[in-house]
Amino acid sequence: MSIKAFELVPAIERVKLMSDKAKTQIECIDVCGKNVYIGTNDCFVVHYSIEEVTSPSGRVSYKTEKQGHKYLTVKKPVIQIKSASALNRIMVLCDNTLTLLNMFDLEPVVTGAKVKSVSHFCINENPIRTNPFSVEICVALKKKTIQLYTVTEDRLMHLRDLSVPDPAVAVGIDGIHVCAALSTQYCMVNSETGQLTDLFPFDSEHQNAIVKRISKEEFLLSGPSALGMFVTSAGISQRPPMQWSDNLLSVGYVHPYILAMNDEFITVHSILDQQQKQAIPFQGGVALDDFDGRLFVASGREVYSLVPVPFEKQIQALLADKRVTEALELAKNANRTGMSRDKFLKMYRRIQQQAAFIQLAQKEFDEARELLRESEIDIRELISLYPHLLPSNCNFTRSVPALHEIADVNQLAKGDNSVIMDYKYFLRTYLEEIRGTKDAYGFKQEIDIALLKLYAETNSPELLTLVAVDTGCDLHDCVDWLEKYGRFHVLGILYKYHGEYDKALSVWTRLVDDGVKDEAFPGLPFIVEVLANLSDHDLVWKYIDWVLEKDEELGVKVLTERPANEPPSERLRPDAVIDYLHRFPKAVITYLEYLVFQRKLEKETYHTHLAVLYMDNVLQLMKKENVKKEELDMARSKLRHMLQLSNLYRVQLILGKAKETDMHAECAILYGKLEEHDKALRILVHKLKDYGAAENYCLVNSQGKEPSYRKRRDTLVTPAVALLNSSVAEFDTIKVLQLLPDNWSVGLLSQFLTRAVRSSMHSSRMTRIERMMSRVENLRSKETCIELQRDPVVMNEERLCAVCKRAFNDPTFVRYPNGVVTHVHCAKNKFICPVTGRLFSSGHS
Amino acid sequence: MSSKKKADLKVIILGDYNVGKTSLICRYIEGKFKQQEPTIGAAFFLKQWGPYNVAVWDTAGDEKYVGLSRFYCRSAGAAILAYDITEPKTFESLWARFTPMLVDANEDCIRIVVATKSDLLQPGSREITIEEGKKLAREMNEHIDLSKAPFEPFFETSSRTGEGVKEVFDYIFQYCLPLSAEQKQRHQHEVVDLTDDSGVKRAQKSKCGC
């Protein structure tokens, strides 16, 4: 509850005021600029000058000097004094009469303007008329009337009367709204329409009526049960009431505090949360008010000032007590004290930051995060709480004066590991949140390194993405850290990111060789991929050996999966590579395939080399025992494909090898390449008996080669025709006819056609004979059937089963073709008569 | 200064001393039930309803604050009249003591009759029937057209269990500041409603049981 918001500083001390009159008591005061006016109970108005002195240490004191006094000659107490500096006048209420005095010599105005039977008056601080040389006042009379006046230097001009049901004891005015305390209730009067709104009842006999205008269109009233009630000029309340103490005498307001005085205490409430913030013991107070933002309070014989404790100090005190919410609330309202916006923002941010660390220390992570975010804190302040998380070359020192007293999170957690984890998780999520936002601007390195360290500790999968793309992590101390936590794969990636490929690769090779465990590491294929994309070819050479020894087929991808737009280099010249790959037969095949099929290099040696290698492969397989047929077929089809597709290899060389073994299919292709179609076809037709292949051969070799290849085609046609006309082969005539070009003459094929027609004729006749024979057979069967079914079978009670000699009970029975009738279950075999043993054939008899 | 913002709707809660007015509001605003000190004068809460601000005024039930409560009723758009379901006296005083206070409220102020402490109701000990409550609610609202409301403004609630509490305020807000379904949706997305969620879970559990 306790803030020290105000300090009591003596302003006018007893000696100076009292002079010789011992019984004199202060009744009211007014302060206007450097003038203090005091009204006494024995009808004096005393004028002092006052000057505020601020010592170098920031302490405020007052220098005052008596200027003069005036005796008003009625022996009644002076109830109210209000100064109107624009008019050089003070308004004095004494003996129910309101008069005007000169501000400096305290002489009454010559016109003698006055209002009689006044119980209370007040100045309209929000007047409707804006003449600067007049003041509008509201006067409560002893009768049931409230009056409004315009006051000029020497006149009190009556504006209007407002009638109220009871005499008013206190009034307040704002604009056109008059708030009045009547003897039994408060009410709000619209001075233009005279409309009266009841507010709430109160008992003027047991408590003082207080009407205090606190801001535009808002009044503070002392309600029943010692409640401070806020009322707007519309007659409603927009703030909850405040609980005051009893016997309240007067009220002052300096944003955001309401000060209320009774005869023992001055209590300070915040208007923000309506809670009491401070209580200042003050015996025998008689008057308290705010004068242009300054608070003065008078006891019977002395005047004090209530000096506000600077906001910063109040806030710091709150923060020291860890009352974060209150501190922030107060800070938010500090910009009303005339601070420049920049200065305010700076101060406010700092307070937010302090608050954030307090929240953090109390493990209020959400609040802390919010505050850190809003206050745009230097992220290093936060990271520095975590030992070793800042980059070691970072020369950051925490801001002075310190934002907090936290040494590090270990101290906060008191060594409790799970708490430390919570803190680390907080940091991690916070950094993730601000990473890439403007808050992170300029601190990318610090943030990324801290994240890397956090991730490495927990082996979090985000580690990889952090390092791989646009990372701020340098090598300096990340390397040690990653090694310490065994995140070697990430270390490799980090090296790679920084262009240290050699180091990266040595890390990875170590991962493979030494069996060092790192689950994140995807294994050899990853290294191959890196090498394949590596533009430093010397480095590629350095590692290719290692890779190939690990896995030939995988390793060769380093060479075959190069980026498409890579410029050719001496180190990766195909010839050199092939020479090098000599040791790795599988690799060399793959590489040559890459050169021939993918790069489509038209160089004879590659093609021949590849063909030879294929050939060797096939030969080896053939030599070996129990090789699976599929494997051999695969190898041969690869070879054939190659032979067929490429025109660049040395045919003779391959042909020689092919002829040695019985690789007819290959030979055929090779002959084809040599344009020796006769031979080719002969092999196909006679050796392989694969006519489909022969046809295909013809088509393939003649395809799309007209007319320039006409001649060549003709040479192909001849064997084809010969083939067709030869009596050895059997063709599907229809298919052949479809395949034959339209322009071939019938004469050319007459032999083939004659034969085809003849065989077709023959088959037609054969079929017809078969048909007629079938019909005869069918007819005979029918006859037998009719024969068998012609006689009726008489079933009656005397008829007994031929096998068991019992009567038939069921409607079903079996009849054999020879007339024997039995039970169904007695007929064991339907082809053998159970009685005679005669055999019935299933077909026609 | 949140309280200074002009609220779009003023809701006031009235009722006898110790019927549980503050608990009801506290249950709605904070979502929990706790022991409350007697309210002094009045208290104030601000609630977001879609784009609107709703000021919820809690009054003191104690007799000595009668004058103030009437003052705080001024320009209220809705009034919750709360009674303790276990104390028939508090039901009777709604009509006798509290309806007169609402003369200063808005002309079209809707009055919602709310029974509190329904968790304390023993079976068979009920003294005020639902029909009586509804009847009072109808009588109180004769001055306005209730046809746009889905049913009579009568609820039985328990701040301890939370039963019916949200419904009361949703009813009021939806009546006074109608939101389209889309607005509500957007509004609900901003708020993580834990209580709602647990309700769903409970429902699912009971389904599993049978």
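Q: At what angle do helix 8 and helix 9 of chain A pack?
A: Helix 8 (residues 417-434) and helix 9 (residues 444-458) of chain A pack with their axes 10 Å apart, where helices (H or I, at least four residues) and strands (E, at least two) are DSSP runs numbered from the N terminus. The model is predicted, with local features needing pLDDT of at least 70 and side-chain atom pairs counting only at pLDDT 80 or more, whereas totals for chains, interfaces and linings use all residues. Axes are lines fitted to C-alpha atoms, for helices over the stretch in contact, and angles run from 0 to 180 degrees between N-to-C directions. On that basis, the angle between helix 8 and helix 9 of chain A is about 135°.

Q: How many charged residues are in the contact of helix 8 of chain A with helix 9 of chain A?
A: Residues are numbered from 1 along each chain as its sequence is written, and chains are lettered from A and ligands numbered from 1 in the order in which they are written. Helix 8 of chain A contributes A:Lys424, A:Leu427, A:Arg428 and A:Leu431, while helix 9 of chain A contributes A:Ile447, A:Ala450, A:Leu451 and A:Leu454; two residues are in contact if their C-beta atoms, placed from the backbone, lie within 7 Å. Asp, Glu, Lys and Arg count as charged, Ala, Val, Leu, Ile, Met, Phe, Trp, Tyr, Cys and Pro as nonpolar, and the others, Gly among them, as polar. By these classes the contact has six nonpolar and no polar residues, and the number of charged residues is two.

Q: What is the orientation of helix 14 of chain A relative to helix 15 of chain A?
A: The axes of helix 14 (residues 524-532) and helix 15 (residues 537-550) of chain A come within 11 Å and cross at roughly 150°. Angles under 35 degrees count as roughly parallel, over 145 as roughly antiparallel, 65 to 115 as roughly perpendicular and the rest as oblique. The crossing angle therefore makes helix 14 of chain A, relative to helix 15 of chain A, roughly antiparallel.

Q: Which residue stands opposite A:Met188 in strand 17 of chain A?
A: Strand 16 (residues 185-190) and strand 17 of chain A run antiparallel and are joined by four bridges, two strands being paired if DSSP finds at least two bridges between them. These strands form a hairpin with five residues between them, and A:Gly194 in the turn has a positive phi of about 75°. Within strand 17 of chain A, the residue opposite A:Met188 is A:Thr197.

Q: Which residue of chain B does A:Pro201 touch?
A: A:Pro201 lies in strand 17 of chain A, and this strand (residues 196-201) gives three residues, the largest share, to the side of chain A that touches chain B. A:Pro201 is partly exposed because 16 other C-beta atoms lie within 10 Å, given that 20 or more make a residue buried, 12 or fewer exposed, and counts in between partly exposed, with C-beta atoms placed from the backbone. Not counting residues up to four places away in sequence, A:Pro201 touches A:Thr184, A:Gln185 and A:Pro224 as well as B:Gly67.

Q: How many residues of chain B are in contact with chain A?
A: The side of chain A that touches chain B has nine nonpolar, six polar and one charged residues. On chain A, 16 residues take part, and the number of residues on chain B is 17.
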